[in-house]
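Hi,

Here is the structure I said I would pass on.

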2 protein chains.
Amino acid sequence: MREPGEEKDGEPDRWPGAGGLPFDPEAFRREGRVVIDWIADYWASLPGRPVLSDVEPGEVAARLPAAAPETPESLAAVLGDLDRIIVPGLTHWQHPGFFAYFPANASGPSILGELLSAGLGIQGMLWTTSPAASELEGVVVDWLRQLLGLPDRFRLGGDGGGMIQDSASSGLLCCLVAARERAAADGTGQRIVYASADAHSSVVKGAKIAGFPAAAIRRIETDSAGRLRPDCLEAAIRDDSAAGQIPCFVVATVGTTARGAIDPVPAIGAIARRYGAWLHVDAAWAGTAAICPELRPRIVDGAELADSWGTNPHKSMLVNFDCHCLWIASRHALASALTTKPDYLSTAVGDAGVVVDYSDWQVPLGRRFRALKLWMVLRMIGAESLRQRVRDHVAWTSEFTDLVAADPAFEILSSPSLALVTFALREGDAATAGLLARVNRAGPVFFSHARVGGRLAIRMAVGGTLTGRADLLDAWELISAMSRAGGNEPGRPEGPSPFSRFP
Amino acid sequence: MREPGEEKDGEPDRWPGAGGLPFDPEAFRREGRVVIDWIADYWASLPGRPVLSDVEPGEVAARLPAAAPETPESLAAVLGDLDRIIVPGLTHWQHPGFFAYFPANASGPSILGELLSAGLGIQGMLWTTSPAASELEGVVVDWLRQLLGLPDRFRLGGDGGGMIQDSASSGLLCCLVAARERAAADGTGQRIVYASADAHSSVVKGAKIAGFPAAAIRRIETDSAGRLRPDCLEAAIRDDSAAGQIPCFVVATVGTTARGAIDPVPAIGAIARRYGAWLHVDAAWAGTAAICPELRPRIVDGAELADSWGTNPHKSMLVNFDCHCLWIASRHALASALTTKPDYLSTAVGDAGVVVDYSDWQVPLGRRFRALKLWMVLRMIGAESLRQRVRDHVAWTSEFTDLVAADPAFEILSSPSLALVTFALREGDAATAGLLARVNRAGPVFFSHARVGGRLAIRMAVGGTLTGRADLLDAWELISAMSRAGGNEPGRPEGPSPFSRFP
């Protein structure tokens, strides 16, 4: 067999064109090293950078050319623009002072796993389109299931199964559609979705996409610790049932976004089961902490009652975004709701059911080989180190909380849940908002905000790859110093943008 | 500021654990080079590999450990297993003899773009979570819009906009939801979706997810060339309107999966507009060919009537999966259907509308920095070379078709549409199926199948990164030789798998 690009019968392949072969192994080796070094330098530079950019809306767009080039440019030119134009406009999620939202942490093994996935360039929509991609995914997701202590019902060998999707939002949507279809057989009333008032916005978004009217979404009251109240859930379900409506989908949140509250899953699961509703556990952030046996009970208790259970190794488990792991108790329920297999996608093994085609379990048809990065993190970092990270983050957050609590100007709004704590100035929301803005503008840290018990909170989520205990201590020094200094906070939003450069 | 991992006040950070820092720049440099070289070697090895794997269901899973390791393993151990267990179980999508489905081609610049995206590890859900990620995305997607000759209405400066999603399926779903919400204001009848009988399975899948009952999906008759018949569409819409139903969403396909047929978009658009339905153009595969001015008219004609228009640079434009570009005429229609912004995601610039938050335009909340790979392909390969590739593939496919047509045993079932042709043995479907199986088992090539005019077709889609004219000539030699040799095709599906190793 010939090498790529070689001629046959004296007739040249007309490609390569001006830019050379689109994959030239030697150029790739050379350029690949440059990019690898660029990334290593970038990570080494992170502690010295401000976490947040100060670019104005439209500023980056204005610095980019208005049209694509006709002829090839060099890697050096691209990396030069990356340094000059793009990087100064980024929020540095991998910065050791990034405490906002939830961490979306990466690691060496994970970046290399993503690189291998891109380098192999396979597309695993069906088992036959790359058997090893489907089977490695099934296996490593089951490795994680075991590490978390999730029940056997989610194992691929029985009726269940696990998979990787891009995000908890997409996974929830697929489960919601499966629940909707399962409930459809039960009658003609309106199907109802239940989640706590503090559940993630993806519940409402998924319900909207799946065609549930706003009136079919019940936000259930929480207790003072932000946990869904089972008594309120049961009352709502009872009322709906009595009114001829169909309790369809109940979301239990294990780790709410605002304050990390963990809903009482066993009680919620018992109610869902009694009324025939699908129980989905959204453990997007907190779920992976169950790799520590001492933290496991509150996280996985009740999972045996769940129809689906999802968590994000791309949050604090060192797998770069995107990697959402979703387990389902009945893969047939999911596949029957989502499968739409035209003739051109049929395969003998798929039709015979001796394999699973993971595209039947998700919204998109195509699939990247995401299992590689999870595999590489689990193997090259190992379960022991991953557990130690969780324990460190929890301990450091507790220590940080003690510092905040000891300062009479501050108040803890929600005590730490794993490595998430919220706090505020006693002076009130305006003072807290001003302090948060000043602290974020200072450079070394980034916190996001939340509402906790009606109050504006500074929200600290610990889990960054490079974040160490010292970074939390530094962060507290900065916050307390700035709270004593006071100051005004100028506003920002002004002109029209999106993103103004477009002529 | 301290370096990561450094101590403060004599108190050590407890991490690093057994596995070292999760990102150690020096280890990353060293290991990154090894992985880069591994990928270069893999691509160089492709022409000598069989395209398809011969593993049995469950075989790969059986060769993997039953549980994750407790302690770290080396990169060498992982790459060893990749070579021994994973690669032999892959379908090699980047192989020069891959002619199945649609190409999902990668390139050096694209792989490096994906690597940079993983290495930066930012998450661009909101403008503020990385301004440069949103703005680069807006700009490069507009570069592509200009290269394709798409109308100004899709430009971010006005009411429209462009973005990158993972797949055409997801993009279509979002547009369908926006159309459903827009139509909801018009009345209480059932909203109806229209697409040709040959439209992609993602239409039915999207409609199912969005809650449309099966009875609300009209598959419109096609003409003998596989194109949606506008007269049949108009009749269906007229009947539905007369019956009090709401024509909601019309899909025009530019390049059907089975045979590459291009629906008459201007006529379809005129009808959709007359009845107030949303027009979505699914140009997933064929769309990027519009970078060639001489091919453009049939592809983009009618786009000025479209509410949304999508194409996949991850098919034949050398951007590795995933990269679907979606343009919409009214970004407000999309955002108002999908936005669910809780307090913790609100930002001053977002609330003021001086930026767009792309997560409001898609299903998932999180977003990878996909614009980098599209940027790098456009810059490092350049528009001229990308056009030449399309022209080459079209010319080679035409030449291949002439060879097939000259063989009396064969019949062209659909003449080439761009670089896609289907053909069959005159002897009938059973003979074609047997030949296809034998050819695919031979090793050097992989074709998928389709139904064309009720007949089973061997389907050839040309667009692989390494594929040259010689590979098409070799493929034809193999096919014609095997058609003369004849032979039997043993069956395959047997035992229970999914994927049997799970105990």
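Predicted model: local features only at pLDDT ≥ 70, side-chain atom pairs only at ≥ 80, totals over all residues.

Below is what turned up, starting with the interface and then going through the local details.

**The interface**

How much area do chain A and chain B bury between them? The figure is about 16800 Å², with 65% of it on carbon and sulfur atoms. In terms of residues, 189 from chain A and 189 from chain B take part in the contact. On the polar side, I get 62 residue pairs in polar contact between chain A and chain B, counting pairs with both residues at pLDDT 80 or more. Helix α1 of chain A (residues 25-45) gives the largest share of the chain A side that touches chain B, namely 16 residues. That side of chain A splits into 102 nonpolar, 45 polar and 42 charged residues.

There are 12 salt bridges between chain A and chain B. One pairing to look up is Glu73(A) with Arg379(B), whose side chains meet at 2.9 Å, N to O. There is also a salt-bridge network that links Glu26(A), Arg29(A) and Arg33(A) with Asp37(B) and Asp41(B).

Over all chains, the search of the whole structure comes to 60 salt bridges. Here are three from chain B.

- Asp81(B) and Arg84(B) have their closest N and O atoms 2.6 Å apart. Both sit in helix α3 of chain B (residues 75-86), 3 residues apart, which is about one turn of the helix. Asp81(B) counts as buried at 14% relative accessibility, whereas Arg84(B) is partly exposed at 48%.
- Arg229(B) and Asp231(B) form a salt bridge at 2.6 Å, N to O. Arg229(B) is partly exposed, with a relative accessible area of 27%, and Asp231(B) is partly exposed too, at 45%.
- Asp322(B) and Arg370(B) meet at 3.2 Å, N to O. This pair links distant parts of the chain, 48 residues apart: Asp322(B) is in the loop between α11 and β7, and Arg370(B) is in the loop between α13 (348-351) and α14 (371-380). Are these two residues buried or exposed? Both Asp322(B) and Arg370(B) are buried.

Chain A has a cis peptide bond from Phe321(A) to Asp322(A), with omega near 15°. Asp322(A) lies in the loop between α11 (313-316) and β7 (324-328) of chain A.

Which residues other than glycine have a positive phi? Tyr101(A) is one of them, at about 45°, and Leu318(B) is another, near 70°. Tyr101(A) is in the loop between α3 (75-86) and α4 (108-120) of chain A. Its relative accessibility is 11%, so Tyr101(A) counts as buried, the cut-off being under 20%. Leu318(B) is in the loop between α11 and β7 of chain B, and Leu318(B) is buried as well, with a relative accessible area of 0%.

**One helix**

Helix α6 of chain A (residues 168-184) has 17 residues and spans 24 Å from its first C-alpha to its last, close to the 24 Å expected at 1.5 Å a residue. α6(A) is mostly covered, with 14 of its 17 residues buried.

That is the list from my side.

Cheers

Note on methods: Residues numbered from 1 in each chain as written. Chains lettered and ligands numbered in written order. Heavy atoms only, no water. Contact = heavy atoms within 4.5 Å. Buried area = accessible area lost by both parts, 1.4 Å probe. Salt bridge = Lys/Arg side-chain N within 4 Å of Asp/Glu carboxyl O. Polar contact = N/O pair within 3.5 Å; in protein donor to acceptor, adjacent residues only side chain to side chain. Helix = DSSP H or I, 4+ residues; strand = E, 2+ residues; numbered from the N terminus. Nonpolar A, V, L, I, M, F, W, Y, C, P; charged D, E, K, R; others polar. Expected span 1.5 Å × (residues − 1). Buried < 20%, exposed > 50% of the residue type's maximum accessible area, 1.4 Å probe, protein only.
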